[in-house]
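Work through the exercises below with the coordinates open. Try each task before reading its solution.

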Amino acid sequence: MTLDRRTFIKSTIASGVALAAPAVLGQQPKGTQSYRTALIGTGWWGMNILGEAMLSKQSKVVGLCDVDQRQLNPALERVKKETGDTPKAFRDYRELLEETRPEIVIVATPDHWHPLITIAAVKSGAHVYVEKPISHTIAEGRAMVNAARAAGRMVQVGTHRRVSPHNVSGMEFLRSGKAGKIGMVRAFVHYGGGPETPVPNIDPPKEIDWDMWCGPAPLRHYCENIGNPWGNAVHPRGFRNYLDYANGTLGDWGIHWMDQILWWTEEKFPRKVYSTGGRPVAGPAIYNDREQTTDAPDHQVAVFEFESFTATWEHRKFAHNRAEKGENVGCHFYGTEGTFHQGWQDGWRFYPTDGRGEPQHQSPQLHQPDDQNIKELWADLLQSIQTGTRPVCDIEIAHRSTTMSLLGMLSLKLGRNIHWDGEREQIVDDDEANKLLRREYRGAWEYPEA
Ligand SMILES: NC(=O)c1ccc[n+]([C@@H]2O[C@H](COP(=O)([O-])OP(=O)(O)OC[C@H]3O[C@@H](n4cnc5c(N)ncnc54)[C@H](O)[C@@H]3O)[C@@H](O)[C@H]2O)c1
């Protein structure tokens with residue numbers, strides 16, 4: 001590093017770029033207060049977050065909520081084993097909020113549930129750690145920001161790459177000017193995959209309240225693909241590839257990299273977006289009374305036009321091989337002095353422009369399980385509650401990153417360019433596109449108004 005940390009923090013604060021200094025160092029904030037903590041959505045990632053909350057020794061786990069007893073039971077057992085706490089179990093988050101009055105709520109349900117649960121939690125007086133993407137549609141995100149502000153509660157979002165040590169040092173590298181003037185950024189996620197076979201619709205298992213799982217989103221036939229949670233199953237984890245509940249790879253993985261782009265630039269939003277893609281390899285989306293496939297694109301390209309640079313997004317779920325060197329996820333920042341790869345399990349790498357020196361590499365410092373930095377993000381939330389300062393992944397920051405992903409999906413659905421007025425959060429002169437900033441909720445669930 002050329003800039004020492006103190007100088008860099010001073011200069012970034014001056015330029016309005018937020019850095020998570022204590023969290024980056026992995027320190028738990030000082031304090032012995034124990035917060036009444038509840039987890040809503042006791043699946044894979046929720047338990048990773050709760051694990052760090054328990055390790056911080058500043059949480060008393062008072063409630064766990066899941067609509068699937070098979071997810072809830074092991075979570076209850078784990079909490080009891082690791083802390084001795086005996087949280088109350090719930091199927092309905094409203095009862096949890098009412099009966100346990102938590103001070104911190106972790107929201108780790110599928111994406112379509114984040115807005116209603118986060119808003120209910122802050123209104124009940126709790127601070128929130130909610131997972132990314134914050135919302136399924138853009139207007140829900142604005143309602144979440146406003147609800148957090150009106151309630152005066154802290155809302156941290158799980159975009160933990162803002163506190164990963166190699167992402168922080170990578171951002172220092174980019175801001176130091178060592179990569180030169182950056183004119184283009186390319187974000188990408190590539191995995192293997194192939195044609196998709198429909199799976200039969202079945203009755204939901206008796207342990208799951210499927211109607212409540214779907215909640216405000218359409219009530220889809222249940223299906224599962226036992227033994228392959230990343231495959232065609234809707235639940236658990238597979239919801240990412242069903243557009244009723246999530247926004248495919250751009251909404252799921254892409255938001256992390258959109259967030260890195262917005263962290264780097266001083267611009268708040270793109271002004272023009274175009275996206276295309278489809279399912280030429282996965283095959284057409286199928287949904288009928290007998291069977292179904294996913295419906296998210298198997299590849300997608302999006303172009304985001306900013307004032308001073310162009311960003312692109314690419315994902316592909318086929319042809320994963322060694323033709324392209326380097327990590328299969330991340331962001332390439334293309335500068336006049338070289339190309340900087342901000343990655344994940346490989347840390348960051350800098351490839352100087354020809355003749356200008358040797359490549360440089362910074363290894364990551366990630367935690368297990370699953371190579372993440374939740375510990376630092378949890379510490380930052382506690383610190384923000386104690387000091388009254390906004391957390392590093394504040395809801396408004398993550399709303400902008402989520403919006404970037406959702407604009408890409410919106411353009412893909414429309415099949416045309418959209419001009420984004422980021423101040424008004426409206427698409428310019430396009431009524432059809434503006435309708436997609438929100439959606440109808442099902443049954444008695446009410447779409448949150450900003
Ligand atoms: N920040 C990260 O790096 C990261 C990584 C993985 C997942 N995530 C996010 O975490 C969230 C959860 O993902 P996951 O992979 O753990 O999914 P999962 O399917 O394993 O867990 C979600 C759980 O929520 C439950 N649920 C559904 N509706 C509910 C409701 N109304 N009330 C209570 N529980 C409900 C489900 O039954 C399930 O147990 C997603 O938003 C995902 O994007 C973030």
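**Exercise 1.** Which residues in helix α5 (residues 93-100) are buried?

Solution. The model is predicted: local features need pLDDT of at least 70, side-chain atom pairs count only at pLDDT 80 or more, and totals for chains, interfaces and linings use all residues. Residues are numbered from 1 along each chain as its sequence is written. Helices (H or I, at least four residues) and strands (E, at least two) are DSSP runs, numbered from the N terminus. Buried means 20 or more other C-beta atoms within 10 Å of the residue's own; exposed means 12 or fewer, partly exposed in between, with C-beta atoms placed from the backbone.
- Tyr93, Leu96, Leu97 and Thr100 of α5 are buried.
- They lie on the same side of α5, because their arc around the axis is only 100 degrees (taken from the directions from the helix axis to the C-beta atoms).
- An α-helix has 3.6 residues a turn, so residues three or four places apart point the same way.
- Glu98 and Glu99 are exposed, on the face of α5 turned away from the buried side.

**Exercise 2.** Against which elements do the buried residues of α5 pack?

Solution. Contact requires C-beta atoms, placed from the backbone, within 7 Å. The partners are β1 (35-40), β2 (59-65), β3 (88-90) and α6 (114-123). After α5 comes Arg101, with a positive phi near 40 degrees.

**Exercise 3.** How many bridges join strand β11 to strand β12?

Solution. Strands pair if DSSP finds at least two bridges between them. Here 7 bridges link β11 (residues 299-305) with β12 (residues 310-316), and the two run antiparallel. Gln300 has His315 in β12 as its bridge partner.

Conventions
Two residues are in contact if their C-beta atoms, placed from the backbone, lie within 7 Å.
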